[in-house]
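Reader: I am new to this kind of model. Could you show me how to read a few of its features?
Author: Gladly. Let us open it.

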Amino acid sequence: DSDGSTELSYEIENWASSTTGANIWVKVPQVNGTSTSDSIYVYYGNASAADGQNATSVWSNGYEAVWHLNDTPTGNPSDIRDSTVNAHHGSSTGSMDSTDQTPGQVGGSLTFDGGTTQGLQFPDHNNWDTGTSKFTWEAWVKTTDTQFGIMSRIDGSNEWYPLTGLDYGLQSGSALNGYYHNGEAAALIITTSTSVVVDGTWRHVAGTRDGSLFNLYIDGVLAK
């Protein structure tokens with residue numbers, strides 16, 4: 001911070017060079033968007049300084065999982081890392097390898113072949129059972145595929161929720177569709193965006209639930 005000694009929690013997603021820059025996630029107590037005085041300070045250039053990053057502290061305020069997808073997929077267990085303390089690490093499928101790691105909107109990202117084999121799998125967990133709680137699922141996507149899935153989860157009682165594709169969750173035609181099924185008969189809720197996401201540019205997509213209200217957001221704008 002400004003005193004040069006109070007260190008904020010941070011995670012370095014990638015640190016390249018003075019020409020290509022870096023992507024660093026910082027947990028900031030408060031910086032008002034309209035403020036002209038709120039700021040944080042970055043100190044660098046000291047090769048002997050210890051690495052003080054603490055990823056789990058950055059993502060400690062209600063984050064269940066954070067996958068940056070800057071990992072090299074190998075198909076081995078836990079090759080896709082979760083930055084939270086919950087350690088929801090996953091694995092790649094479909095013979096993905098280092099050629100599928102590519103620059104993303106923030107740091108790295110993974111390229112999928114558009115078929116049914118390549119993807120990511122994460123072990124199920126009781127914390128995925130949302131009950132009636134609020135939740136948000138979000139991702140950066142770049143695609144021209146009209147039948148892509150983003151995230152999905154189905155448990156033993158057939159509770160479906162976003163982000164996902166094809167039959168449930170969040171999928172795309174030319175727009176973004178959100179599906180939620182709570183396991184009860186005929187309890188399927190469908191929300192469709194009014195904005196196109198299949199245009200080959202990076203889009204931030206999110207699905208939220210607050211009680212019985214389901215919303216879709218594209219690039220931070222309500223889009224249903």
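Reader: Which backbone nitrogen does the side chain of Ser-92 reach?
Author: First, the idea: a polar contact is a pair of N or O atoms within 3.5 Å; within protein, one must be able to donate a hydrogen and the other to accept it, and residues adjacent in sequence count only if both atoms are side-chain atoms. Here, the Ser-92 side chain reaches the backbone nitrogen of Gly-75 at 3.0 Å. The side chain of Ser-92 also makes a polar contact with the side chain of Asp-79, at 3.1 Å.

Reader: How should I take these values?
Author: This is a predicted model, where local features need pLDDT of at least 70 and side-chain atom pairs count only at pLDDT 80 or more, while totals for chains, interfaces and linings use all residues. Residues are numbered from 1 along each chain as its sequence is written, and side-chain values use heavy atoms, with hydrogens and water left out.

Reader: Is Ser-92 buried or exposed?
Author: Buried means under 20% relative accessible area, exposed over 50%, partly exposed in between (1.4 Å probe, protein chains only). Ser-92 counts as buried because its relative accessibility is 6%. Ser-91 is buried too, at 18%. Across the chain, buried residues make up 33% of the 224 residues.

Reader: Where does Ser-92 sit?
Author: Ser-92 lies in strand β3, residues 91–93. Helices (H or I, at least four residues) and strands (E, at least two) are DSSP runs, numbered from the N terminus. Ser-91 is in strand β3 as well.

Reader: Which residues is Ser-92 in contact with, leaving aside neighbours within four places in sequence?
Author: Contact means heavy atoms within 4.5 Å. On that count, Ser-92 is in contact with Pro-73, Thr-74, Gly-75, Asp-79, Ile-80, Gly-119 and Leu-120. With its neighbours within four places left aside, Ser-91 has contacts including Asn-76, Pro-77, Ser-78 and Gln-121.

Reader: How many residues are in the largest nonpolar core?
Author: In soluble globular proteins, nonpolar side chains tend to be buried together. A nonpolar core is a set of buried Ala, Val, Leu, Ile, Met, Phe, Trp, Tyr and Cys residues joined through side-chain atoms within 4.5 Å. The largest one here has nine residues: Ala-139, Val-141, Leu-176, Val-197, Val-198, Val-205, Leu-216, Ile-218 and Ala-223. Two or more of these residues come from each of β7 (135–141) and β13 (213–218).
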